[in-house]
Amino acid sequence: MAKKTKTFTIDGIDKKILRALTDDARTPILEIARNVGISGAAIHQRLRKLEKSKLIAGSKFIINPEVLGYSTLAFVGIYLDKAANTDDVVRSLKRIPEVLECHYTTGNYSLFIKLISLNNAHLMHLLYKNIQTIPGVQRTESLISLDQQIDRQIHI
């Protein structure tokens, strides 16, 4: 059975609030209120409404992995054995801190992951010793990102 997606409608004021916060999540509420033309309390109420609707989910700081020495970003397609328990494989991947994302996909791969490594040697170690040894993983295909050209959220 397909999961029914519930849509939520936002107005122009909500859009202005969201644009300000996606540009800089640390923008003071009172500054947004002045720019939008409503009170700070009204901004807080609208943010609570947007959180309750699940359109937004908190805020976060972004850690720059390069500052910590991680210079290689790779995308890895994972082929699983037919009898593999995908949930067990995902649980094992969650225990590898360098794995940043994991997606079920259509196409050739069963899973597609994004991971960071210190360098190519570290990437090779992660692939051969940590990922390809997971029970159910048949093989992997890797793509190394040379440079990220676009990094954005959906436009509001």
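These legends walk through several close-up views of a predicted model.

**Figure 1**
Read along the sequence, the elements of the protein chain follow the pattern α-α-α-β-α-β-β-α-β. The C-alpha trace spans about 55 × 45 × 25 Å along its principal axes. The radius of gyration of the protein chain is 21 Å, whereas a compact globule of 156 residues would have one near 15 Å. Of the 156 residues in the protein chain, 30% are buried.

**Figure 2. An aromatic cluster built from Phe 75, Tyr 79, Tyr 109 and Phe 112.**
Here ring pairs link the four residues into a cluster. The model has three aromatic pairs, counting rings whose centres lie within 6.5 Å. Phe 75 and Phe 112 make a stacked pair, with 6.1 Å from centre to centre and 10° between the planes. This pair joins distant parts of the chain: Phe 75 belongs to strand β1 (residues 72–80) and Phe 112 to strand β3 (residues 111–117), 37 residues apart. Planes under 30 degrees apart count as stacked.

**Figure 3. Arg 139 over the face of Tyr 79.**
Staying with the cluster, this view turns to Tyr 79, one of its members. Which residue lies over the face of Tyr 79? That residue is Arg 139, at 3.9 Å from the ring centre.

**Figure 4. The largest pocket and its lining.**
This pocket has a volume of about 1,700 Å³. Its lining takes in 39 residues, and those nearest the pocket centre are Lys 60, Phe 61, Ile 62, Asp 151 and Gln 153. Which elements each supply at least two residues of the lining? They are α1 (12–23), α3 (40–52), β1, β2 (99–104) and β3. Helix α1 gives the largest share, with four residues. By residue class, the lining of the largest pocket divides into 19 nonpolar, nine polar and 11 charged residues.

**Figure 5. Asp 14, a buried residue in helix α1.**
Is Asp 14 buried or exposed? Asp 14 has a relative accessible area of 1%, so this residue counts as buried, the cut-off for that label being under 20%. Asp 14 sits in helix α1.

**Figure 6. The segment after β4 (137–145), with His 155 and Arg 152.**
Two residues of this segment are shown with their partners from elsewhere in the sequence. His 155 lies in the segment after β4 and is exposed, because its relative accessible area is 70%. The C-alpha atoms of His 155 and Arg 19 are separated by 8.3 Å, although the two residues are 136 residues apart along the chain. Arg 152 is found in the segment after β4 as well, and with a relative accessible area of 69% Arg 152 is likewise exposed. How far apart are the C-alpha atoms of Arg 152 and Thr 22? They are separated by 9.3 Å, for residues 130 apart along the chain.

**Figure 7. Lys 54 in the loop between α3 and β1.**
This view is about the backbone. Lys 54 has a positive phi of about 70°, although this residue is not a glycine. Lys 54 is exposed, because its relative accessibility is 72% and the label applies over 50%.

**Figure 8. Ala 41 and Ala 84, with C-alpha atoms 52 Å apart.**
Ala 41 lies in helix α3. At 51% relative accessibility, Ala 41 counts as exposed. Along the chain, Ala 41 and Ala 84 are 43 residues apart, and 52 Å separates their C-alpha atoms.

Key:
Residues numbered from 1 in each chain as written. Predicted model: local features only at pLDDT ≥ 70, side-chain atom pairs only at ≥ 80, totals over all residues. Heavy atoms only, no water. Phe/Tyr/Trp six-rings, centres within 6.5 Å; stacked < 30°, edge-to-face > 60°. Lys NZ or Arg CZ within 6 Å of the ring centre and 35° of its normal. 1 Å grid on protein atoms, 1.4 Å probe; cavity = no way out; pocket = protein on both sides within 12 Å on 5 of 7 lines; lining within 4 Å. Points joined across faces, edges and corners; volume = space filled by probe spheres on them. Nonpolar A, V, L, I, M, F, W, Y, C, P; charged D, E, K, R; others polar. Rg over C-alpha atoms; globule rule 2.2 N^0.38 Å. Buried < 20%, exposed > 50% of the residue type's maximum accessible area, 1.4 Å probe, protein only.
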